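Trainee: I have a model to go through. Can we take it step by step?

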Amino acid sequence: MELTHIDEKGHVRMVDVGEKAISAREAKAQAIVKMNPETLTLICEGKMPKGDVFSCARIAGIMASKKTHELIPMCHNLPIDSVELDIKPMGNDRVYITAVARCHYKTGIEMEALTAATVAALTIYDMCKAVDKKMEISEIFLLEKTGGKSGHFLRNND
């Protein structure tokens, strides 16, 4: 398999997507934040001292997705069409985050979806750390992607 980010001299490079066709692309990623049940209760009841945790995390995820190319060296700056975050309680001690990013471009949008989910999780941690320092962020991965040369990917959790 050819390494796309390494040139013939072994130097790191950004992949040239100039000749690739524009296509509709979508990626869905997830993250989970585990916390004390009391922390989740405070979030759901709107009693967290720093404010509305889920709204702030949603905004942070969207903002972060637009900065992905500034955070990850070989990412292209994509014309993002939309980013949607779904943040909801899962059981009594977890928050489940999904991020869906869409664009029409020459390269994939997986990193933007992953960045959105990750930064939303980090924002939840930041807003709740005063009451729960043992929170854990885990299970960050791509769930699905469509578009482009490699086509459709759907994570199989078998």
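Trainee: In the hairpin of β2 and β3, which residue takes a positive phi near 70°?

Mentor: First the ground rules: this is a predicted model, where local features need pLDDT of at least 70, side-chain atom pairs count only at pLDDT 80 or more, and totals for chains, interfaces and linings use all residues. Residues are numbered from 1 along each chain as its sequence is written, and side-chain values use heavy atoms, with hydrogens and water left out. The hairpin has three residues between the strands, and the one with positive phi is glycine 91.

Trainee: Over how many bridges do β2 and β3 pair?

Mentor: Strands are DSSP runs (E, at least two residues), helices likewise (H or I, at least four), numbered from the N terminus. Two strands pair if DSSP finds at least two bridges between them. Valine 83 has alanine 101 in β3 as its bridge partner. The β2-β3 pairing is antiparallel, and its bridges number ten.

Trainee: Which strands stand at the edges of the sheet?

Mentor: The sheet is open, antiparallel and has five strands, in the order β2-β3-β1-β4-β5. Each edge strand has a single partner, so one side of it is left without a neighbour in the sheet. The edges are β2 and β5 (153-154).

Trainee: What angle does the direction of α4 make with that of β1?

Mentor: α4 packs on the sheet and touches β1, β2, β3 and β4 (136-146). Contact means heavy atoms within 4.5 Å. Axes are lines fitted to C-alpha atoms, for helices over the stretch in contact, and angles run from 0 to 180 degrees between N-to-C directions. For α4 and β1 the value is about 25°.

Trainee: And at what angle to β2 does α2 run?

Mentor: α2 lies across β2 and β3. Its angle to β2 is about 150°.

Trainee: To which backbone oxygen does the side chain of lysine 106 reach?

Mentor: Lysine 106 sits in the loop between β3 and α4. Leaving aside residues up to four places away in sequence, it touches Val17, Gly18, Lys20, Ala21, Ile22 and Arg25. The side chain reaches an oxygen at 2.9 Å, that of glycine 18.

Trainee: Is glutamate 139 buried or partly exposed?

Mentor: Glutamate 139 lies in strand β4. It has a positive phi of about 50° although it is not a glycine. With a relative accessible area of 44%, glutamate 139 is partly exposed.

Terms used. Polar contact = N/O pair within 3.5 Å; in protein donor to acceptor, adjacent residues only side chain to side chain. Buried < 20%, exposed > 50% of the residue type's maximum accessible area, 1.4 Å probe, protein only.
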